[in-house]
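Hello,

Here is the structure I said I would pass on.

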Amino acid sequence: MQDAVLLGVLLAAIAIGFGLGFRYAHRRAQRPSRAPGLSREYFVGLNYLLNEQPDEAIKTFIHALDVNSETVETHIALGKLFRSRGEADKAVGIHQNLLARPALSTTTNEIVQLELARDFIALGVHDRAQRLLRALLEHSSQEDLRLEAKRLLIDLLEREKEWQDALEIVQPLMKQQPAMRRPASHWLCELAQQEIDQSSRALARKHLKKALQLDERCVRATLMLADLDMDNGQYAKAIERLSHIPQQDIAHIPTMLPALQRAYARHDDLAGLETHLYQLLGEAPYTSVIVALGALVHQRDGVDSAIERTGEWLAEAPSLGGLDYLVDLYLESERLMGKETPDTRLMLLKHHTKALMGGRPRQRCRRCGFSSDSLAWQCPSCRRWGTIKPITGVEGE
Ligand SMILES: [Zn+2]
């Protein structure tokens, strides 16, 4: 496909070349002192192309294709093509060749600079790409181009984990571009994590509170603040914070459950945890909530009560994980009854639920479908923030 595109661009280049050759020939007829030769190079290039030597062909065409307002787009298209073929070094050559021409208009010059920045990004030379993009942001008056330069620069800063710089760039845009609030809140969480790693908890709190001001639905900031509260021994405060998470994003109830269980346990309030879990079960009957409640009933009233209650909850919200837990409870019940070897039917069932659950991803990006075992706040595939969430439902959790 790419080769077909390459051929198309080359044929366009040839057509332009012939056009120019024809015009030059016409001018030569009027001014016989001009040197001939342009169309000859096109034939040389065509010969290379026919001999299946596309690299040589391209080199010849570029050399022949004079840089002017009519051919500059062909040069840019060739540069893009090289980059998409993974030959960004050749694209750099084309774009630098264009920039060396003093006759280039300011508008075209800026377009080529943006292309060159893309080449450097493709080559992994991020500092040079950053310099070009920052210069464009500072000097360009083309709104579309500035927007694209900003997008590329933000993407680069994210890759380099330069969160503070990224925040400074989007800060003035928050009102016009509300979609930037979510990534910015995650950058603040990243900064907070850096502060926590350096034991600067007060600064971390400041970043996290700002993250929630930017995006009140930022589950990550709430979880991190609750963790900081727990480190300070403020369990009730942590519980209060965590209780907002279902309103922030109901899909993250399974994400916050371990923190909630920890907070209640340290607060020595298992009755409070049970009430809280029943409340969550009413909001969304996730398997992890059912299993957590089953464990509490098991601990307090024994395994048979746990079997009975778990069976009732699963009748309302059946799931593979729930069934697996129920089988565990039955096996435990048999063990307590003094059976030396477990029931083979139960063991077979356990074998099947385990096999069906094994190897299944636990988290999925709601944007691009990327799935993984652990939660990442930025999707490694589509690079969006906060789109990966626990997989729930019959086969989830
Ligand atoms: Zn994704």
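Which residues coordinate the zinc ion? In this predicted model, they are Cys-365, Cys-368, Cys-379 and Cys-382, each through SG, at 2.3 Å. The site is tetrahedral, with angles of 105 to 116 degrees among the 4 donor atoms. For reference, the ideal angle for four tetrahedral donors is 109.5 degrees. Along the chain, the donors are spaced C-x2-C-x10-C-x2-C.

An unreviewed UniProt entry places a "binding site" feature at Cys-365, Cys-368, Cys-379 and Cys-382. These residues span 18 positions in sequence, yet no two of their C-alpha atoms are more than 8.7 Å apart, so they gather at one spot. From this set, the lining of the largest pocket takes in Cys-382.

Cys-365 sits in strand E1 (residues 363-365). Cys-365 is buried, at 2% relative accessibility. Beyond its sequence neighbours within four places, Cys-365 contacts Phe-370, Cys-379, Cys-382, Thr-387 and Ile-388.

Cys-382 lies in the loop between strand E2 (371-372) and strand E3 (388-390). Cys-382 is partly exposed, at 27%. Leaving out residues up to four places away, Cys-382 touches Cys-365, Arg-367, Cys-368 and Thr-387. Cys-368 is also partly exposed, with a relative accessible area of 37%.

Last, disulfides. The count is 0. Take Cys-218, which is buried at 2% relative accessibility. The closest cysteine sulfur to that of Cys-218 belongs to Cys-189, at 4.0 Å, too far for a bond; the cut-off is 2.5 Å.

Best wishes

Methods:
Residues numbered from 1 in each chain as written. Predicted model: local features only at pLDDT ≥ 70, side-chain atom pairs only at ≥ 80, totals over all residues. Heavy atoms only, no water. Buried < 20%, exposed > 50% of the residue type's maximum accessible area, 1.4 Å probe, protein only. Donors = N, O, S within 2.8 Å, 3.2 Å for Na, K, Ca; no water. Tetrahedral: all angles 85-135°; square planar, octahedral: opposite > 155°, others 65-115°. UniProt positions renumbered as here; feature names shortened; annotations may be inferred. 1 Å grid on protein atoms, 1.4 Å probe; cavity = no way out; pocket = protein on both sides within 12 Å on 5 of 7 lines; lining within 4 Å. Helix = DSSP H or I, 4+ residues; strand = E, 2+ residues; numbered from the N terminus. Contact = heavy atoms within 4.5 Å.
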